Amino acid sequence: MKKTEIDYWITAMLESYPNASDLNVTVGKTLQVESAGKLVPVSVQPPVETLTPFQTEAFALNLIGNNRRLLRDLLENGSCDLSYSLGEKARFRVNVFTQKGYFTTILRKLETQVPSIESMQFPDCFGKMAAELNGLVLFTGATGSGKTTSLAALLNRINDTRPVHAVTLEDPIEYVHEQRLATFNQRELGNDFSTFSVGLRAALRQAPKVILVGEMRDRESMEIGLSAAETGHLVFSTLHTIDAGQTINRILGMFEQEEQPQIRHRLVDTLKWVVGQRLLPKVGGGRIAAMEILRSSLRIKDIILNGETEEKTFYNVIKEGATLDMRTFDQDILELFSRGLITEKTALTYCSQRNEVTRGMDKLKAERGEATSTLSGLAMEEEEEQDGYFR
């Protein structure tokens, strides 16, 4: 296969659906794209009914080129990450990996337009996050939940409002920020630095006021990130956790048991915001983000220091923290349901505590004069709760 043929495949996949987000090249399947959260087939000429091992290997190696580091990563670790540009048409974040001895390539389309807080209709508190002078701001959620987009919107606000030096450490660079009021230096893993911890340690000598770390992957990068936040830097980063409470536990779990009391104190001093994100199927097609937002407060600091109890949990404090811009996933999901943006089934599938959302939806339905939960449904829920399975 030649590069022109590969670029033709990518172009055809990209243009097959208006909202294609991920391109999937897997042995035994046809070419596929993810559209609105579902994989759908793509037609090309000549037709490709099932991809052969040779085709997927040629596709992957053409994207990698002669990059020795990427080839070494692929051979030693079974996967590698890179970026790929289709001329001026599009840029992609690419992951090549092996499965059962075959190559698979996933290309995530990168947006060329840097999002703004206003265009994404993010909560007003995002402006407060961008205005923080120092501390740690974390975005959490599964891969593909929109964390990078949210962080780009925050950096875009900083770019428009603050004359500061910002250093980003990314894998790969997704949104390219123009040089406006702020001065941006964007560095890419593999090309500009070897690991996030190495890049983050170097960033402390580069006189930034704002640092973006693509992901806090290990204890070393977390420790340096905490040190940066303690020394007057505003540090943004991401973690793969399902909610704010698990985020705190995940950070503590990176350290030995005897170190955790000190880490709790450091988190109390540095952690400013935690934003969890989940992408939900939207009524009428597409997806919409549900967010959980934790903000540092006296009650939050108390739980970080002393741990959760049956009475004091992150969930309950966030639930009662609306005056401080806090909200739980369940509160946000109920808001989306009340606006008709998601279905009842979607709300119950993606919520954190089903009983909370069920009660909230029953209240909304009663206000609208609609039928609430059926008796059979309530009976089933009571049985589940007695059996210990009810969430």
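Reader: Over the face of which phenylalanine does arginine 278 lie?

Author: The model is predicted, and the geometry discussed here is computed from it. A charge counts as sitting over a ring when CZ of Arg is within 6 Å of the ring centre and within 35 degrees of the ring normal. Arginine 278 lies at 3.8 Å from the ring centre in question, and that ring belongs to phenylalanine 329.

Reader: In what order do the seven strands of the open sheet stand, and which strands are at its edges?

Author: The pairing in this open sheet is mixed, and the order of its seven strands is E9-E8-E10-E11-E7-E12-E13. From one strand to the next the twist averages 15°. Each edge strand has a single partner strand, so one side of each is left without a neighbour in the sheet, and these edge strands are E9 (183–188) and E13 (287–295).

Reader: How many bridges join E12 and E13, and which residue of E13 is the bridge partner of valine 275?

Author: Strand E12, residues 271–281, pairs with E13 in the antiparallel sense over nine bridges. For valine 275, the bridge partner in E13 is isoleucine 293.

Reader: Which helix packs on the sheet by touching E8, E9 and E10, and which helix lies across E12 and E13?

Author: The helix touching strand E8 (165–170), E9 and strand E10 (210–213) has a direction that makes about 170° with that of E8, and it is H6, residues 196–203. The helix lying across E12 and E13 runs at about 145° to E13, and it is H12, residues 329–338.

Reader: Is strand E7 buried or exposed, and which residues lie on each of its faces?

Author: In a regular strand the side chains alternate between the two faces of the sheet. E7 is mostly covered, since six of its six residues are buried. Both faces are covered, with Gly135, Val137 and Phe139 on one side and, on the other, Leu136, Leu138 and Thr140.

Reader: Which residues of E11 and E12 are the bridge partners of phenylalanine 139?

Author: E7 runs parallel to strand E11 (residues 234–239), to which six bridges join it, and E7 also runs parallel to E12, to which five bridges join it. Within these pairings, the partner of phenylalanine 139 in E11 is threonine 238, and the partner of phenylalanine 139 in E12 is valine 275.

Reader: Why is the pair of phenylalanine 126 and phenylalanine 139 classed as it is?

Author: The structure holds four aromatic pairs. In this one, the ring centres are 5.8 Å apart and the planes stand at 75°, so with planes over 60 degrees apart the pair counts as edge-to-face. The pair links distant parts of the chain, with phenylalanine 126 in helix H4 (residues 125–131) and phenylalanine 139 in strand E7 (residues 135–140). Phenylalanine 126 is buried with a relative accessible area of 0%, phenylalanine 139 is likewise buried at 0%, and the class of the pair is edge-to-face.

Reader: What kind of aromatic pair do phenylalanine 193 and phenylalanine 196 form?

Author: Phenylalanine 193 counts as buried at 5% relative accessibility, and phenylalanine 196 is buried with a relative accessible area of 5%. Their rings are 5.8 Å centre to centre, with 50° between the planes, and the pair is tilted.

Reader: Which elements are included in what covers the buried residues of H9?

Author: The buried residues of helix H9 (residues 260–270) are Gln260, Ile263, Arg264, Arg266, Leu267, Val268 and Thr270. What covers these residues includes E7, H7, helix H8 (244–253), E12 and helix H10 (298–306).

Note on methods
Residues numbered from 1 in each chain as written. Predicted model: local features only at pLDDT ≥ 70, side-chain atom pairs only at ≥ 80, totals over all residues. Heavy atoms only, no water. Pairing = 2+ DSSP bridges. Helix = DSSP H or I, 4+ residues; strand = E, 2+ residues; numbered from the N terminus. Axes fitted to C-alpha atoms, helices over the stretch in contact; angles between N-to-C directions. Contact = heavy atoms within 4.5 Å. Phe/Tyr/Trp six-rings, centres within 6.5 Å; stacked < 30°, edge-to-face > 60°. Buried < 20%, exposed > 50% of the residue type's maximum accessible area, 1.4 Å probe, protein only.
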